[in-house]
Amino acid sequence: MAVMADFRFFRFILAGDANQLRLAAAFSAAARDSMANPVTLITTNGVEFRVEWIVQQARLNRIVLTRGWADFSRHYSLQEGHLLLFSYHSPGTMYVAIHGGTRMEIDYGRYLQRECRKRLPQTGNHVAQFHGIIGREDRRRPYNLLFPRRFATQFGAVLPDQLSLVTPTGWSIRVRWTRDTEGIIRLGMTGWPWMCLHYGLRPDTLVVFRYHLPATMYVVFYRPSAMEVNYLQHGDDIMRSTCINNPRYMPTRHMVDYFRSRQPFFVVPVCFMRGSPKILPNVPHLSENDASAVIEVSHGSNTWRVAYARFAERSLGCLGRGWCTLATVLDLRPGNLCVFEEVAPSHYQLHIY
């Protein structure tokens, strides 16, 4: 079971949230039997509010903040569209960071109250914090993600050509960014698509950036369901990793939920008859380059070298030469599901169901 101090989630303020606030369903299921009532909310400037909560059974047993929440909302002038980042560190305490309509964290005088810093774990002495949402993939800008205009105005002139993005697992990658004619900054095609692939980031994933001068950004990923994507192991024998493709075929989607791994993986249904031109399966983007490449696919004690290609006009890649031999040796049949688990760069372990 995950350590309770590691639960983090977000909540966008909607119309009607002034008097009560429903928390994320996944967090409610994990914490409602152990969280203290009332709970203490502490913001980044050190102000504390004690807020009572109830379990709303009509809403899938979700925790709802009630008495005391209206005072919190009024004190910070919360408006529709504001983002709250909750960090649950103990049964009686949650830390809250508030992002305004500009998608940047609102500074409530945190740097003027140095005596409060020791009470705020893991906030760090960052220059700015903001969030972005990965856009829908298209042919021109895969994994499109825009920085806030306010951040571009304040820091665009001092940003180096490359930024170091550091994830909670400690992995760092150098990425480039571009600026269009309107001054909008977006992460470019060098480094960022590979990070999205490595961590299985899908469109609509929320990414929180914490900027440290001169060229470092710490990033945290949140699923569309509002919970942080936790890539660290916390007590479970095997953690659930994220699937890097988004299948529509229902049995394949069920396999995505069933399969458990420490590594990124993707699922491909077998839907061909032997000898059919459809023998080449479509797969996610597996390489930083559009040119053809070769991957290794292992099953049991056997390993095959399979050609992989991705063309500029397609959002998916496909497996080519070598796949027919593999499919014949393993006697793949229509209805089989193939799970490709990444065990090393360009090397995948094949599981057949």
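**Note on the predicted model**

1. Of the protein's 353 residues, 49% count as buried, meaning under 20% relative accessible area with a 1.4 Å probe and protein chains only, while exposed means over 50% and partly exposed lies in between. This is a predicted model: local features need pLDDT of at least 70, side-chain atom pairs count only at pLDDT 80 or more, and totals for chains, interfaces and linings use all residues. Numbering runs from 1 along each chain as its sequence is written, and side-chain values use heavy atoms, with hydrogens and water left out.

2. The protein has six helices and 21 strands, taken as DSSP runs (helices H or I, at least four residues; strands E, at least two) and numbered from the N terminus. Among contacts with a separation of 6 or more, 56% are between residues 24 or more positions apart; a contact means heavy atoms within 4.5 Å.

3. Ser-87 sits in strand β7 (residues 83-90). Ser-87 is buried, with a relative accessible area of 10%. Leaving out residues up to four places away in sequence, Ser-87 touches Phe-7, Arg-8, Thr-93, Met-94 and Tyr-95.

4. The side chains of Ser-87 and Arg-8 are joined by a polar contact of 3.3 Å. Such a contact is a pair of N or O atoms within 3.5 Å; within protein, one must be able to donate a hydrogen and the other to accept it, and residues adjacent in sequence count only if both atoms are side-chain atoms.

5. Leu-213 lies in the loop between β13 (206-212) and β14 (216-222). Leu-213 is exposed, with a relative accessible area of 55%.
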